[in-house]
Amino acid sequence: MPNIAVPADRDPMMFLWTERAPTLSGAAAKFSNTVYYGSSLSPREFEVVRMRIAQINDCRVCQSFRAPRDVVDRFDEGSVPDELYEHVGDPSWPGFSDRERLAMEFTERFALDHLSMDGDTDFWAALHEHFTDDELVELACCAGAHLVNGRINRVFDVEGDCSIRPVMPYPDATVNSAAATSTPSSH
């Protein structure tokens, strides 16, 4: 049951993201949308980050969401095998590349123990061996957007029926202006 008042005929998650604190929730949804359409991470890397945060947040919607299937006009269908999702959180799985393993570790530490990253020269050396500084900032932005939005969904218990809503770019999106319709991204 949602921890905010939601009219009986409304989807709790969409109500939160479109009608509660709209200046801030709208900006958060737009940032999330920009992460989906503006990130240069590979689909697999993007999904490793997104899914690890979904696990940490215990967000049922986010755990059943699949960006290649549910983000309109962004990722190629089949670009992320189902098997990858089954192993997120297990860095020993041989199917992960070095970048995917590092992205997963970065995400986990970012969300659960960010202070442990301070002064960990070996970790930063490995990150810099595999990622540019821009890609590292993208990792943080992706992890941060997913962390915040997934936590908001869980804290306010607005996951509702856990149905998947397609993510579509905002009409004024500068990162991808191909689509004309908008659905706030809150995954």
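Good morning. I begin with a charge and a ring: the charged end of Arg109 sits over the ring of Phe123, 4.4 Å from its centre. Please keep in mind that this is a predicted model. A second case involves Arg66, whose charged end sits over the ring of Tyr85, 3.8 Å from its centre.

Let us turn to rings beside rings. The structure holds seven aromatic pairs. In one of them, Phe106 and Phe110 have ring centres 6.0 Å apart and planes at 25°, so this pair is stacked. Both residues belong to helix H7, residues 98-112, and stand four residues apart, about one turn of the helix. Are they buried or exposed? Phe106 is buried, because its relative accessible area of 4% falls under 20%. Phe110, at 26%, counts as partly exposed.

Phe106 also pairs with Trp124, this time edge-to-face, with 6.4 Å from centre to centre and 85° between the planes. This pair links distant parts of the chain, since Trp124 lies in helix H8, residues 121-130, 18 residues from Phe106. Elsewhere, ring pairs join Tyr36, Phe46, Phe65 and Phe75 into a cluster.

My last topic is helix packing. Helix H3, residues 43-57, packs against helix H9, residues 133-155, at an angle of about 30°, with the axes 9 Å apart. Their crossing is right-handed. Among the contact residues are Phe46 and Ile53 of H3, together with Leu139 and His146 of H9. The contact comprises eight nonpolar, three polar and three charged residues.

Helix H3 also holds Arg52, which is buried at 13% relative accessible area. Beyond its sequence neighbours within four places, Arg52 touches residues including Glu47, Met104 and Glu108. Thank you.

Terms used:
Residues are numbered from 1 along each chain as its sequence is written. This is a predicted model: local features need pLDDT of at least 70, side-chain atom pairs count only at pLDDT 80 or more; totals for chains, interfaces and linings use all residues. Side-chain values use heavy atoms; hydrogens and water are left out. Helices (H or I, at least four residues) and strands (E, at least two) are DSSP runs, numbered from the N terminus. Buried means under 20% relative accessible area, exposed over 50%, partly exposed in between (1.4 Å probe, protein chains only). Contact means heavy atoms within 4.5 Å. Axes are lines fitted to C-alpha atoms, for helices over the stretch in contact, and angles run from 0 to 180 degrees between N-to-C directions. A crossing is left-handed if the near helix is turned anticlockwise from the far one by less than a right angle, and right-handed if clockwise. Ala, Val, Leu, Ile, Met, Phe, Trp, Tyr, Cys and Pro count as nonpolar, Asp, Glu, Lys and Arg as charged, and the others, Gly among them, as polar. Rings of Phe, Tyr and Trp (its six-membered ring) pair if their centres lie within 6.5 Å; planes under 30 degrees apart count as stacked, over 60 as edge-to-face and the rest as tilted. A charge sits over a ring if NZ of Lys or CZ of Arg is within 6 Å of the ring centre and within 35 degrees of the ring normal.
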